[in-house]
Amino acid sequence: MPLLECRGLTRSFGGLVAVDNVNMAIEAGEIRAVIGPNGAGKSTLFNIITGVLPVSDGQTVFAGEMITGLPVYRVVQKGIARTFQLTHLFPDLTAHENVRIAAQAQHADRWRPLAGGHVLAASRKVADEALEQMRLSRFSGVKAGMLSHGDQRLLEIGMAIAQKPRLLMLDEPTQGLSIEETDRAVQILRDMLAKGDLTVILVEHDMEVVFKLADKITVLHRGRVIADGLPDEVKANDEVQSAYLGGLE
Amino acid sequence: MRERLVIALSAVLLCLVPLVVPNYTLTLIVEALIFGLFAMSLDLMVGYTRLHSFGHAAAYGMGAYSTALILLHFNLPLPIGIILGVAISVVIAIPIAWICTKSTGVSFAMLTLAFAQLGYAMIFRFKDISGGSDGIGGIPRPAGPFGIDFFQSKSGYFYLVVFCLVGSYLLCRAIVTSPFGAVLTGIRENEAKTRALGYNTRAYKMAVVVMAYGFGSLAGALYTPFAGFVAPELFFWLVSGRVLIMVIVGGAGTLIGPILGGICFMLLEQQLSEVTELWPLIFGSIFIAFVMLAPDGIWGLLTKRFRSKQVVPGDGEDGETSRATP
């Protein structure tokens, strides 16, 4: 049974069908890249899977459980963590506090207004580890808003990891990074993925990054899946060539 | 550490106040402390969650009126009356919080204002119970339980208020530094992100609104038996506006700042109103000056020197990370 299964997901905005009957099955442990030109519906797909936007039609099944129509926080509580295309942080809090709040979300006593010392201590520990993994430990006490763009992107991924998700959804993690920063981010992501049994969906524009990281690739074009398979198969696909890759090379 | 010392010291100094000040001044100080507590309660919403309420008078009025009615109609000791008054207010605050948190930003502020004005209107509507525009007078300060009656004297009441203020402060401080408080901070900084991390932000906002109303109604409940009467003005939007100014001038998001703001505001108002009728003009100027020149408020000014400097990330020696421009 796949960890995540999208069945005929559709989302339209007025007359525009942003996501059109998308079927996709992601196995546990898989690293799936979702690619496609601008406006292909990648971010919308993320938003409807996580419940940020309601679906017009279709279903999402996560770990055998229907999650369609659940509010975002419930979907996330099931074990899905995501990053945003535009960095979403708590800019006035330190890097460590950012990750700590993320880690706390997985604790059963996360809501405690009193007698919550153990929650804070546990979250602090998870935050330390996540920052270490992102190699941001030395910026622990720095306000997130003061970090460089590249470090902010990594911090957001760190927050997602601190949530200990079963499925990690990364929306263009290398967006806006310089070549050096991208290399560093890819290296960190590779180390992270080599370690665990994380399942990942990755939206990415940078084809180099995609081919370095992904096990399988889904290609979206105008909201529809036009190809689905191993990187080499996708590369060789004529339709993909003309819709997307061809335009770049 | 230094902060703790300052707080402990000021608590001790506060306890000496009734011994040295004249009777009339003590009245002013008690009212100022009550307003300090009131302002602190609003800080939970404004400073920690960025929920701008323009109707916090509702909390004050509910606490004051429910305590007044209990003390007047039931033969209960004062502390029990106050506790029941707060409890009733908290129960009423739950549906208010439920409705208000359906919206955000300006509409949230307008909804809170609407509820306060609704309370104001209801006082006039139900004259038989509430006394209408005359308010309710002759509210007693019954002794007990266990024969405790120190609060029947003015200086004794002062200690009761100090006890409630310090207790509430410590409780609020525990709340804002708890896991719950961390979520509030998240909501303040970026609510969408907080939700995306798996928090039901609406529930947290509802909870903090109810807590703020609870502490605010405690301030109102303490006011009632002290003044001996309540009037519909307690619900009026001017009260809501004033307490919001106290929070901002005192230093939102610090708890202690709004307490200072509330106390300074009340004492200054008393002094100025004796000298000139133009005191609101002076207040307006002070408010504008603070917003423009010292957005961190009184407490921000006081602690500026002690605050540790923000660590600025330098260039990494190993070149791992490049820059740290804001």
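This is a predicted model: local features need pLDDT of at least 70, side-chain atom pairs count only at pLDDT 80 or more; totals for chains, interfaces and linings use all residues.
## Interface between chains A and B

The size of an interface is often given as the accessible area lost when the parts come together. Here, about 3,300 Å² is buried between chain A and chain B, and carbon and sulfur atoms give 60% of that area. On the chain A side, the residues that lose the most area to chain B are Tyr73(A), Phe90(A) and Met146(A), which together make up 19% of what that side buries.

Chain A contributes 43 residues to the contact, and chain B contributes 38 residues. The two chains are joined by 1 salt bridge. Glu156(A) forms a salt bridge with Lys193(B), with the closest N and O atoms 3.1 Å apart.

## Salt bridges in the model

Over all chains, the count comes to 17 salt bridges. One of them pairs Arg82(A) with Asp171(A), where the closest N and O atoms are 3.9 Å apart. Arg82(A) belongs to strand E6 (residues 80-82) of chain A and Asp171(A) to strand E7 (residues 167-171) of chain A, so this pair ties together parts that are 89 residues apart in sequence.

## Helix H3 of chain B and its contacts

Two packed helices are described by the angle between their axes and the distance between the axes. Helix H3 (residues 57-73) of chain B and helix H4 (residues 78-100) of chain B have axes that come within 8 Å and cross at roughly 135°. H3(B) and H4(B) are therefore oblique to each other, and their crossing is right-handed. From H3(B), the contact takes Met62(B), Gly63(B), Ser66(B), Thr67(B), Ile70(B) and Leu71(B); the partners in H4(B) include Leu78(B), Gly81(B), Ile82(B), Ile88(B) and Ile92(B). The residues of this contact divide into 8 nonpolar, 6 polar and no charged.

H3(B) also packs against helix H9 (residues 201-227) of chain B, at an angle of about 45° and with the axes 6 Å apart. This pair, H3(B) and H9(B), is therefore oblique, and H3(B) passes H9(B) in a right-handed crossing. Among the H3(B) residues that take part are Ala58(B), Ala59(B), Tyr60(B), Ala64(B) and Ala68(B), while those of H9(B) include Tyr213(B), Gly216(B), Gly220(B), Tyr223(B) and Pro225(B). By class, the contact of H3(B) with H9(B) has 12 nonpolar, 6 polar and no charged residues.

Met62(B), Gly63(B), Thr67(B) and Leu71(B) of H3(B) take part in the contact with H4(B) and also in the contact with H9(B).

## Helices H2 and H10 of chain B

Helix H2 (residues 23-49) of chain B packs with helix H10 (residues 237-250) of chain B at an angle of about 75°, and their axes are 9 Å apart. H2(B) is therefore roughly perpendicular to H10(B).

In H2(B), the contact residues are Phe35(B), Phe38(B), Ala39(B), Leu42(B), Asp43(B) and Val46(B); they meet Val239(B), Arg242(B), Val243(B), Leu244(B), Met246(B) and Val247(B) in H10(B). This contact has 10 nonpolar, no polar and 2 charged residues.

Technical notes: Residues are numbered from 1 along each chain as its sequence is written. Chains are lettered from A and ligands numbered from 1 in the order in which they are written. Side-chain values use heavy atoms; hydrogens and water are left out. Axes are lines fitted to C-alpha atoms, for helices over the stretch in contact, and angles run from 0 to 180 degrees between N-to-C directions. Helices (H or I, at least four residues) and strands (E, at least two) are DSSP runs, numbered from the N terminus. Angles under 35 degrees count as roughly parallel, over 145 as roughly antiparallel, 65 to 115 as roughly perpendicular and the rest as oblique. A crossing is left-handed if the near helix is turned anticlockwise from the far one by less than a right angle, and right-handed if clockwise. Contact means heavy atoms within 4.5 Å. Ala, Val, Leu, Ile, Met, Phe, Trp, Tyr, Cys and Pro count as nonpolar, Asp, Glu, Lys and Arg as charged, and the others, Gly among them, as polar. Buried area is the accessible area (1.4 Å probe) that two parts lose on being put together, summed over both. A salt bridge is a side-chain nitrogen of Lys or Arg within 4 Å of a carboxyl oxygen of Asp or Glu.
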